[in-house]
Amino acid sequence: MCGIVGYVGGRPCRDLLIAGLEKLEYRGYDSAGLSLLEDGRIESVRAVGNLSNLRAAVADTEDRGAVAVAEAEATIGLAHTRWATHGRVTEENAHPHSDEEGEVHIVLNGIVENHSELRRELITEGHEFSSETDAEIVAHLIEKHYDGDLTGAVRDAFAELRGHYAFVAMHVEHPGTLVGARNECPLVLGIGEGETFLASAIPAFLKETRDVMRIDNGEIVTIDADGAIVTSADGEPRDRETEHVTWDEDEAERGGYSTFMLKEIHEQPDAVAETITDRLPELDAIDLSELELTPEEVRDLNRIIIVACGTSYHAGLVGRYAIETWARISVEMDVASEYRYRDPVVGPGDLVIGITQSGETADTLAAMRLARERGAHVLAITNVMGSQATQDADSVLFTRAGLEIGVAATKTFTSQVAAIYLLAGWLAQSRGTIEPDRMAELIAEMKALPRKIDETTDALDPQVKAIARSHYQGRFFFYLGRHIGLPICLEGALKMKEISYIPSDAYAAGEMKHGPIALLDETTPVVVVATESPVLEKVLSNMAEVRARGADVIAIATEGSVDVAETADQTLFVPRTDWILQPILAVIPLQLLAYHTARCLGLNVDQPRNLAKTVTVE
Ligand code: F6R
C-alpha cells in the first residue's frame, strides 16, 4: 500500500511533495523518495525508514551536489512512499526509479505480475537494472518506447504490463508534463489554479485544492499546469468532470468513509489482490519461491502446527481445511498463549506456522521461538516487513494488506486467509497431491476472489445495515457453523464482542444439542454460516432446530442456495466459489454486521475500549 504524489505548476514543489507524502503516511511504508526536474536534469533522493529520514537525506543533498533538491526551486516532481513487496527494504529499491541515463523517472504502486519476463527481455536488449523491484521495469520500458512523445511511450509500456498498479512518469525532455496510468490501483488528480497534482489518494493534496478528478482503470492521463487530458489505454479521449470534495482532513484520510474500519473492509479486494496476484504467475502453478523450504523438506513433512492469537488464529483454522484437503498433511492448531506453556512435542520434520499480522504479538513470537529451538522449521505469515516475527522465522510469507489502523482486524484477516490458500496449494503442488487440472481450477477461483469480495461488500452492506438496525438492542448474538464455516463463526463472534460489546458466542452446530441450545429463545439472533460445503445438509437441520425454538436465523449462503433461503428468516447471499474458498467471502457480512451493530450503538469502532492494535505485553 504505497503512496504516490506528483506535482506540476508554478510553485517550488519539493516541500509540497513531502507534505503530500506525510498525508499518506497512514497507509504504511518502509522507505520514501522524490525526484525533481530542473534545468534539464532530474535529481532523486531516497531514504529507508520514515519521512524524517527522507528530510535528512534532502538536507544532505547540497553536499552531494544535488542542486535542484537542495535549492528547492523545481516546479515539477514525483514522490513516493514504498511498502516493500518486491525486493528488500533498501535505498536502491525505494522509488522513484529511472532508466540508466536517468531521463525517465517513475513511481509505482501495486504489482507488475509479468516483471520477470519483461526484465529478462530488457536485459537481452541491453538494459541494466539497479534495483530488485518490479517498478524499475516500467522506467526502462518507457525509455525503450520513447521517441519524443511521453504519453505515447507510457501507453506502449502500459500495454505490455500485467498486474494491478498505478504509476506516474516524468521525462527530462518534458519539464511541464507528468503522465500517469491506472490499472486497479487508485490514481486521482487535484486541479488547482495553474497547478495540477497527481496522487494515489486525495489527502495528498487536499490542503492545496479540493477540485478532484478521478482516473479510471485502463486510463492514461497527461497533466500540465493547466489541467489534464484523459484517454483510454488505446488513446481514445475520455471526458471527465472535476468534483469538489467537502471532506475535512480526517475524513479524507479515511477516504471519505466514516471510520477506518469501514474503509479497511472496503480495501479487502485490493489487499487480497496484492497478496495473491504475483504469486500466481501461471495458470496451474503457485510461486512461493520466497520460502526457504526445499522440495525434500516439503515432501518429508511430518505435520504442520499453526500457532496464532485472535483473528489470526481464525485465519489458521480456515487454512487447516485447505492444507489437509489439498496437501494431505495433518494440521494441528493451537492458540499461541496455550502452546508456549504446554511443553509441546515438536521437532525436526514439523513445520510450525506463526500467523501474526503485526509480527509483534508476544505469545505468537514465544511459541515460534520455542518450536525453532526444538528443531522445527518456523514459517511466519505476517503483514509487516522487518517485524520481530520476520527475525524469528526460518521462512516468511508476507501478506500485503497495507497498514491497518482500525483495531479490529479485517483486511489483514482476509489477506492471511488468502496467503494460507496459496501456501496450501503450493504444498499440494510440491507434494504432488493435487492434479494439475484441479490446481488450474483453484487458481482461476483464487484470481476471481478480489472481484467477488468487492461484489459481496457492495451488495451486502445495505442489507446487513438493515439487519443490524433490527437487532442492535439484542442482549446476545449466537453464531453457528460446521466444518469450514465454523472458523468464520468464531471470527464473526469475536468481531461482535470486540466492537459492539454485545456478548456473543460461536459454536460448532453439531454441539448445540449438548447444552447451548438452552440459550435460545425468540430474542436471540442466530447467525448461521451455511455456505456450500460437504456438510451443508447437516447445517440445514441445525437451522431447523434453531427456528423451532423461535430464534431468528440470519443465514450466510452461497448464491442460488434455495434450501437455505427457505429455512432461514433472512439470507445474505455471497457469490459462488470453490467451497474451500467460500469462507473468505462469508466473513464479509459478519464483519459488516459487527460494524453496523456497533455504529447503531454509537460506539467508536476504530478504537474499542481496553484494546490496542498489537498485544506485546506479557
Ligand atoms: C481482532 C484482532 C486481534 C488480533 C490478535 C493477533 O480483531 O485484531 O484478535 O488478531 O491480537 O494479532 P496479530 O495478528 O498482530 O498477532
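1. Let's start with two helices. α16 (residues 436–471) and α20 (residues 582–600) pack at an angle of about 35°, and their axes are 8 Å apart. Their crossing is right-handed. Helices here are DSSP runs of H or I with at least four residues, strands are runs of E with at least two, and both are numbered from the N terminus. Axes are lines fitted to C-alpha atoms, for helices over the stretch in contact, and angles run from 0 to 180 degrees between N-to-C directions. A crossing counts as right-handed if the near helix is turned clockwise from the far one by less than a right angle, and as left-handed if anticlockwise.

2. A word on where this comes from. You're looking at a predicted model, in which local features need pLDDT of at least 70 and side-chain atom pairs count only at pLDDT 80 or more, while totals for chains, interfaces and linings use all residues. Residues are numbered from 1 along each chain as its sequence is written, and side-chain values use heavy atoms, with hydrogens and water left out.

3. Back to the helix pair. Among the α16 residues that meet α20 are Leu449, Ile453, Leu460 and Val464, and the α20 side includes Ile588, Leu592 and His596. Contact means heavy atoms within 4.5 Å. By class, this contact has 13 nonpolar, four polar and four charged residues. Ala, Val, Leu, Ile, Met, Phe, Trp, Tyr, Cys and Pro count as nonpolar, Asp, Glu, Lys and Arg as charged, and the others, Gly among them, as polar.

4. Next, have a look at the parallel sheet. It's an open one of five strands, in the order β21-β20-β22-β23-β24. Two strands pair if DSSP finds at least two bridges between them. β21 (504–508) and β24 (570–574) are at the edges with a single partner strand each, so one side of each has no neighbour in the sheet. From one strand to the next, the twist averages 20°.

5. Inside that sheet, six bridges join β22 (residues 525–530) to β23 (residues 552–558), and Val527 stands opposite Ile554 in β23. Helix α16 packs on the sheet, touching β20 (477–481), β22, β23 and β24, and its direction makes about 160° with that of β24. Helix α20 also packs on the sheet and touches β20, β22, β23 and β24, with its direction at about 135° to that of β24.

6. There's an antiparallel sheet too. This open sheet has six strands, ordered β5-β6-β7-β8-β12-β13. Its edges are β5 (97–98) and β13 (227–232), each with a single partner strand, so one side of each is left without a neighbour. Five bridges join β8 (residues 178–183) to β12 (residues 219–224), where Val179 stands opposite Thr222. Helix α5 (residues 135–145) lies across β5, β6 (104–112) and β7 (163–171), at about 130° to β6.

7. Now the ligand. It's surrounded by 13 residues, and the closest are Ser312, Thr356, Ser358, Thr361 and Glu498. A residue is near a molecule if one of its heavy atoms lies within 4 Å of it. A polar side-chain atom of Thr356 is 2.7 Å from a ligand oxygen atom. For Thr361, a side-chain N or O atom lies 2.5 Å from an oxygen atom of the ligand.

8. Most residues other than glycine have a negative phi, and most peptide bonds are trans. The bond from His95 to Pro96 is cis, with omega near 0°, and Pro96 sits in the loop between β4 (76–82) and β5. Asp39 has a positive phi, near 50°, and its place is the loop between β2 (31–38) and β3 (41–48).

Terms used:
Polar contact = N/O pair within 3.5 Å; in protein donor to acceptor, adjacent residues only side chain to side chain.
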